[in-house]
Amino acid sequence: MNPVLAEIYSTIIPSAPYVLGAYVLVFIVLFVYVFFTVSKLKSAEKKMDALEERVEELLK
């Protein structure tokens, strides 16, 4: 193996678990954020539908 490549790999490989862990953590946080955002959006849509129905009832 090329000595330059061996030196590069020796500096990259030991840090690989930390980089992988950081990516996993970012994706978990992103997934949780999207899950809660979608949950709140569905809740807001239900409330808007109920409000629209109530307004229609009051206008009749």
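Here is a short chat about the fold, surface and a few residues of this predicted model.

Q: Before we start, what should I know about the model and its numbering?
A: It is a predicted model, where local features need pLDDT of at least 70, side-chain atom pairs count only at pLDDT 80 or more, and totals for chains, interfaces and linings use all residues. Residues are numbered from 1 along each chain as its sequence is written, and side-chain values use heavy atoms, with hydrogens and water left out.

Q: Thanks! How many helices and strands does the protein have?
A: Two helices and zero strands, with helices (H or I, at least four residues) and strands (E, at least two) taken as DSSP runs numbered from the N terminus.

Q: And what does UniProt list for residues 20-38?
A: An unreviewed entry there gives "transmembrane region"; such annotations may be inferred rather than shown by experiment, and positions follow the numbering used here, with feature names shortened. Over that stretch, residues 20-38, the chain is 100% helix and 0% strand, with the end C-alpha atoms 27 Å apart.

Q: What box do the C-alpha atoms of the protein fill?
A: Roughly 85 × 15 × 10 Å along the principal axes.

Q: How much of the protein counts as buried?
A: 0% of its 60 residues, where buried means under 20% relative accessible area, exposed over 50% and partly exposed in between (1.4 Å probe, protein chains only).

Q: Where does aspartate 49 lie, then?
A: In helix α2, which covers residues 16-59. Aspartate 49 counts as partly exposed because its relative accessibility is 42%. Its C-alpha atom is 26 Å from that of valine 32, 17 residues away along the chain.

Q: Switching topic, how many aromatic pairs does the structure hold?
A: One. Phenylalanine 35 and phenylalanine 36 form it, edge-to-face, at 5.7 Å centre to centre and 65° between the planes. Rings of Phe, Tyr and Trp (its six-membered ring) pair if their centres lie within 6.5 Å; planes under 30 degrees apart count as stacked, over 60 as edge-to-face and the rest as tilted.

Q: Is phenylalanine 35 buried or exposed?
A: Exposed, because its relative accessible area is 52%.
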